[in-house]
Amino acid sequence: MKICPESLALAKELLLAGQVVAFPTETVYGLGAWAYSAEGIRRIYEAKGRPSDNPLIVHVAPGASLEGIAEEIPQRAEVLMDRFWPGPLTLIMPRDKDHIPSEVTGGLETVAIRMPSGAGARALLSFCGIPVVAPSANTSGRPSPTTALHVLEDLGGKIPLILDGGPCEVGLESTIVDLTEEKPLVLRPGGITLEMLKRWIPDIDLDPGVKGAISVDAKVVPKAPGMKYRHYAPKGHLILTNAPAERWKQWIREDLSRASEEQGKDKTTVRIGVIASNEMLEDLEQEGVLKLCHAAISLGYVKEPEMAAQLLFGALRQADEKELDIIYGEAFSREGVGEAIMNRFVKASAEQRIL
Ligand code: TXA
Ligand code: MG
């Protein structure tokens, strides 16, 4: 979906005036402000209800220079920029302190930079010719928005403009790589996978703070400030599990009878749903589980994790729309983009049942 020149012109006017504008990228929708506008940056934190110690990513147009943003470009960054920009990869570099306000980086000496490949983001950044800071355009804590409608749900009435570029292709936020320390680290897994990065930077590894089976080790603090918050959680109790369909059936039956016994509730008033692959949904159907559920939300086929990545945030939002009390989610393999899927799914979950 192409964004018309009139909308781009309006967006530019708003950004230069210190306002915020939501726009599509290949990962998720962003809430943009001009990187040099203190007023615009303040409005981002205000609209999202975001903690001010959580720094923002600076977005630049294809081919744009990083002058006035990064103090220097580490050699390893050049390698990754050549290979993966424009695309869903954010690089942490030393901050140009004379130009980038400290409000952008939550007081850090480093700055996160990304050159998005999504058509809408490219059009906006090229048209405006300015660096744009943008967090995901959701209310802080909610799943990141992957359609303009998701942005409207969260920020409607709070921001002056949402540019609609259709659904985002990747569906999860960009991979973040820190190149300012001796050991290169992935601070947030995303569409550019660890395997892809290792081909160019063999000693790169996942930040220990984002590692884990399907559990998060609370003792290790993640290096990206934003990764320490619980995120994306639906209102209902999300149970993430790698158990087979028979176990789901057993658990759901138990949930239903517990609800009717303990709370004196009618069985039908407890709203249970599932978020799973098509294969799992078929198994659940055969086990007779789906008829006990209020919602069966698909993440596509197991063999196509890119599809699950694209659908996950929408699926978590649907769980709220359907007012589910209990949600069973299927754990995916951590291979490739699975690392990013599981990173978000674990953060959204209230409980994990690992077999
Ligand atoms: O795909 C994306 O990256 C999307 C789109 C809109 O571009 N943006 C996005 O922004 O996900 P946000 O604000 O939701 O997440 C930015 C993450 C946070 O976890 C933040 O802590 C981390 O980047 N970050 C930003 N600057 C950093 C820095 N200097 N050092 C370490 N982490 C940083
Ligand atoms: Mg975010």
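This is a predicted model: local features need pLDDT of at least 70, side-chain atom pairs count only at pLDDT 80 or more; totals for chains, interfaces and linings use all residues.
**View 1. The buried face of helix 3.** Helices (DSSP runs of H or I, at least four residues) and strands (runs of E, at least two) are numbered from the N terminus. A77, L80, M81 and F84 of helix 3 are buried; buried means under 20% relative accessible area, exposed over 50% and partly exposed in between, with a 1.4 Å probe and protein chains only. Seen down the helix axis, these buried residues fall within an arc of 105 degrees, so they line one face of helix 3. The arc is taken from the directions from the helix axis to the C-beta atoms. Strand 4, strand 7 and helix 6 (194–198) are among the elements covering the buried residues, where contact means heavy atoms within 4.5 Å.

**View 2. A cis peptide bond at P86.** The bond from W85 to P86 is cis, and its omega is near -10 degrees. P86 sits in the loop between helix 3 (75–84) and strand 4 (89–94).

**View 3. Two non-glycine residues with positive phi.** Y232, in the loop between strand 9 (205–206) and strand 10 (237–241), has a phi of about 65 degrees. Its relative accessibility is 3%, so Y232 counts as buried. For E323 phi is near 50 degrees. E323 belongs to the loop between helix 9 (305–321) and strand 13 (326–330) and is exposed, with a relative accessible area of 58%.

**View 4. The largest pocket.** On a 1 Å grid over the protein atoms alone, a pocket is an open set of points where a 1.4 Å probe fits, with protein on both sides within 12 Å along at least five of seven lines; lining residues have an atom within 4 Å of a point. The largest pocket has a volume of about 720 Å³, the space filled by probe spheres set on the points. Its lining comprises 43 residues, with R50, N54, P55, I176 and R188 nearest the centre. Strand 3 (57–59), strand 5 (110–114), strand 7 (175–178) and strand 8 (185–188) each give two or more residues to this lining. Strand 5 gives the most, with 4 residues.

Technical notes. Residues are numbered from 1 along each chain as its sequence is written. Chains are lettered from A and ligands numbered from 1 in the order in which they are written. Side-chain values use heavy atoms; hydrogens and water are left out.
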